[in-house]
Amino acid sequence: MERLVINGGNLLKGSVDINGAKNAAVAILPAAILASNGKCTIDNIPDIEDVHCLERILRSLGCNIVKIDNNTLEIDSTDVNNFEACTDDARRMRGSYYFIGALLARFKKAKVLLPGGCSIGVRPIDQHIKGFEALGAEVVIEHGAAIVKADKLKGANIFFDVVSVGATINVMIAATLAEGVTVLENVAKEPHVVDVANFLNSMGADIKGAGTDIIRIKGVESMKGCSYSVIPDQIEAGTFMIAAVATGGDVYIKNVIPKHLESITAKLTEMGAVIEEGDDSLRVTVKGPLKGVNIKTTPYPGFPTDIQQPMSTLLSTVPGRSLITESIWENRHKHIDELKKMGANIKVEGRVAIIDGSQKLTGAVVKATDLRAGAAMVIAGLVAEGTTEITNIEHIDRGYPHIDNKFRALGADIRRIEVEE
Ligand code: EPZ
């Protein structure tokens with residue numbers, strides 16, 4: 001097993017290139033199955049474990065994949081001949097549920113193991129199922145798998161009960177080849193929802209309204225290959241922004257869409273950090289004292305749940321009381337116990353973390369309890385006095401490409417070690 005070892009205290013300086021968005025890529029790759037002729041050439045794909053998992057699942061379904069380079073795949077789905085994604089890979093990650101929508105759309109049947117992913121609370125898929133059923137599919141959950149089938153799919157009006165990124169994308173994918181028009185309401189508006197819609201439109205789908213409250217999908221007869229570039233990862237960018245502020249550094253965050261980062265930029269600015277926006281980059285520096293702030297996570301364009309854990313590390317190092325209210329997931333404060341081992345003064349009451357900022361964290365052996373918790377631990381290690389060793393970093397590698405190399409290039413003393421368990 002691998003661990004990350006960090007000797008804290010170095011200021012981060014220089015520039016970092018942000019990779020493609022994990023949560024867009026994990027939907028775009030399964031959606032490539034919709035192309036019944038021609039290849040999808042997709043670039044700016046992050047080189048992360050979740051993507052490697054999806055590649056293996058795509059191959060097991062019969063897709064022909066050529067790896068052009070670490071960030072570019074050419075996927076030929078012409079000969080897909082297996083409609084079951086039931087390997088351990090499907091169970092291991094969350095994004096595998098997009099195979100349900102994609103296989104259902106093209107072949108009218110699918111069997112997919114119920115997905116795994118980060119343990120951050122109950123993660124139901126009832127809204128996905130509600131959408132598939134409204135399109136005319138029959139859905140059965142049996143032996144840990146979702147089995148879906150339909151004679152044909154017909155457009156429908158679907159009003160989601162909760163705003164769900166996964167349900168919005170999955171039902172949008174399923175509706176692309178349905179007969180007639182589908183209208184989705186109370187949808188998620190995250191940048192990756194828009195990115196998946198753009199990808200589907202490049203393949204010949206007819207989707208309008210992604211990024212607003214209502215998405216309208218006019219079913220088409222077939223879809224084809226295309227060339228597409230995944231948008232930059234808003235959460236990877238936010239993580240580096242927070243790390244830059246936490247170390248009091250001076251970092252250019254390159255290959256980003258500043259608009260997607262507005263809620264994070266606004267909070268860091270409120271804390272006292274200085275953020276200068278370029279066309280596709282940000283410069284993050286600290287010129288004066290920082291202060292605590294209150295945060296409530298909400299769907300886009302609000303403050304992203306996926307960045308609150310790294311923020312909790314930063315807030316535990318600045319003077320003053322800060323509150324983080326997690327409104328999306330009921331169990332996303334598990335990393336707080338790890339931060340406390342490093343000296344953080346935080347109390348969790350239900351969904352609220354009450355942080356009394358102190359100035360100093362001290363190195364310890366801590367665990368990455370999930371993906372973003374792992375990022376929070378890395379930032380803690382960067383600012384802590386002494387050495388921090390992070391275990392269970394497979395969670396980090398699922399979603400952050402080469403995080404150690406990127407931080408080392410910015411001046412951090414971070415290395416990966418192999419240990420016998
Ligand atoms: C996506 O998860 C992301 N994962 C998560 O990122 C992210 O935290 C989340 O969206 C919110 O932004 C992927 O894209 C692979 P949801 P998803 O459906 O789609 C409830 C990360 O760190 N809900 O938007 O699974 C649910 O319980 C990961 O990169 C239902 O009730 O999240 C939650 O409270 C972690 N029924 C809320 O909606 C459903 O059918 C939002 O969930 C679906 C969801």
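Which domains give residues to the shell around the ligand, and where does the ligand lie relative to them? In this predicted model, domain 1 (2-19 + 232-418) and domain 2 (22-229) both contribute to that shell, so the ligand lies between them. The ligand sits in the largest pocket, and the elements that supply two or more residues to its shell are helix H1 (22-31), helix H5 (126-134), helix H6 (165-175) and helix H12 (371-383).

**Ligand shell**
- Of the 25 residues around the ligand, those that come nearest are Ser164, Val165, Asp306, Ile328 and Arg372.
- By residue class, the shell around the ligand divides into 12 nonpolar, six polar and seven charged residues.

**Polar contacts and cover**
- An N or O atom in the side chain of Asp306 lies 2.6 Å from an oxygen atom of the ligand, while a polar side-chain atom of Arg372 is 2.7 Å from an oxygen atom of the ligand.
- Pro124 takes part through its backbone, with an N or O atom 3.3 Å from an oxygen atom of the ligand.
- Of the 820 Å² of accessible area that the ligand has on its own, the protein covers 90%.

**Backbone features**
- Most peptide bonds are trans, and most residues other than glycine have a negative phi.
- Tyr300 and Pro301 are joined by a cis peptide bond with an omega of about 10°, and Pro301 is found in the loop between strand S20 (295-296) and helix H10 (308-315).
- Asn255, although not a glycine, has a positive phi of about 60°, and this residue is found in the loop between strand S17 (250-254) and helix H9 (262-271).

Key
Residues numbered from 1 in each chain as written. Predicted model: local features only at pLDDT ≥ 70, side-chain atom pairs only at ≥ 80, totals over all residues. Heavy atoms only, no water. Near = heavy atom within 4 Å. Polar contact = N/O pair within 3.5 Å; in protein donor to acceptor, adjacent residues only side chain to side chain. Areas by Shrake-Rupley, 256 points an atom, 1.4 Å probe, with all protein chains shown as cover. 1 Å grid on protein atoms, 1.4 Å probe; cavity = no way out; pocket = protein on both sides within 12 Å on 5 of 7 lines; lining within 4 Å. Sits in = over half its atoms within 2 Å of the grid points. Helix = DSSP H or I, 4+ residues; strand = E, 2+ residues; numbered from the N terminus. Nonpolar A, V, L, I, M, F, W, Y, C, P; charged D, E, K, R; others polar. Domains from an automatic or database assignment.
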